[in-house]
Amino acid sequence: MRFKSLLIIFLLVGISQSVAQTTAQLKQALKGCEKDLNASLDKIEQLENALKATTQLSEHRKALSDSLINNLQNQIRLQAAINSRLKANADTLQLMVKDYDRKLNEVAELYRKELQKKSRPWFFSWNGLQGFATGVLIGGALGVIFSLAY
């Protein structure tokens, strides 16, 4: 029995040393796992920060793009308003030019008529014919008077 007890004691000592060695190895492995876990957590935190920064940049870029689109739309509306005003001004100027041309043509026609009146011989005008008839009558009357007097 003694032998059995010694054998059991040796076995227990061997098992306890093995358990102690395995416990030490497990503690080392656990420390390694904790290091890896902490490194992974740090990496995850870095990636989360990078994702937040990327999200903020994306939102800022989207806001800038929206602002640029709004500005371009406002410029297009303003350009359209300017174009319509310029077209209205051009139409008004065209009408003014046509009206001025028409009035110049009227003035030129009146001037031509006046020139034609003044450039006609005197006997084609009413006053000229009237003066001629009066002259012939007075001349005839004087001629008769002088012929009777001599």
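This is a predicted model: local features need pLDDT of at least 70, side-chain atom pairs count only at pLDDT 80 or more; totals for chains, interfaces and linings use all residues.
Figure 1. Helices (H or I, at least four residues) and strands (E, at least two) are DSSP runs, numbered from the N terminus. Residues are numbered from 1 along each chain as its sequence is written. Because its relative accessibility is 44%, Ala63 counts as partly exposed. The terms are set by relative accessible area: buried is under 20%, exposed is over 50%, and partly exposed is in between (1.4 Å probe, protein chains only). Ala63 and Ile8 are 55 residues apart along the chain, and their C-alpha atoms are separated by 79 Å.

**Figure 2. Gly32 and Ser18.** Gly32 is also found in helix 1. With a relative accessible area of 28%, Gly32 is partly exposed. Gly32 and Ser18 are 14 residues apart in sequence. From C-alpha to C-alpha, the distance between Gly32 and Ser18 in space is 21 Å.

**Figure 3. A nonpolar patch that includes Ile15.** Which residues form a nonpolar patch on the surface? Leu7, Leu11, Ile15 and Val19 do, and together they have about 350 Å² of accessible area. Patches are made of residues with over 30% relative accessible area and no salt bridge; like charges are joined within 9 Å, and nonpolar side chains (Val, Leu, Ile, Met, Phe, Trp, Tyr) within 5 Å. Accessible areas come from the Shrake-Rupley method with a 1.4 Å probe, and for residues only the protein chains shown count as cover. Ile15 has its place in helix 1. Its relative accessible area is 48%, so Ile15 is partly exposed.

**Figure 4. The salt bridge of Asp66 and Lys62.** The side chains of Asp66 and Lys62 meet in a salt bridge, at 3.2 Å from N to O. A salt bridge here is a side-chain nitrogen of Lys or Arg within 4 Å of a carboxyl oxygen of Asp or Glu. By this rule the count comes to six salt bridges. Because Asp66 and Lys62 are four residues apart in helix 1 (residues 2–119), about one helical turn separates them. Asp66 is partly exposed at 35% relative accessibility, whereas Lys62 is exposed at 51%. Local features need pLDDT of at least 70, side-chain atom pairs count only at pLDDT 80 or more, totals for chains, interfaces and linings use all residues, and side-chain values use heavy atoms, with hydrogens and water left out.

**Figure 5. The salt bridge of Asp91 and Lys87.** Asp91 and Lys87 meet through their side chains in a salt bridge of 3.4 Å, N to O. How far apart in helix 1 are Asp91 and Lys87? They are four residues apart, so about one helical turn separates them. Asp91 has 38% relative accessibility and counts as partly exposed. Lys87 has 53% and counts as exposed.

Figure 6. Asp99 forms a salt bridge with Arg102, and their closest N and O atoms are 2.4 Å apart. Both residues lie in helix 1, three residues apart, which is about one turn of the helix. Asp99 is partly exposed, with a relative accessible area of 29%. Arg102 is partly exposed as well, at 43% relative accessibility. A network of salt bridges links Asp99, Arg102, Lys103 and Glu106.

**Figure 7. The protein chain behind the close-ups.** The protein chain has two helices and zero strands. Its radius of gyration is 62 Å, well over the 15 Å that the globule rule gives for 150 residues, so the chain is more spread out than a compact globule. The radius is taken over C-alpha atoms, and the globule rule is 2.2 Å times the number of residues to the power 0.38. Along its principal axes, the C-alpha trace spans about 210 × 15 × 15 Å. Buried residues make up 1% of the 150 residues. The accessible surface of the chain comes to about 14,000 Å², and 66% of this belongs to carbon and sulfur atoms.
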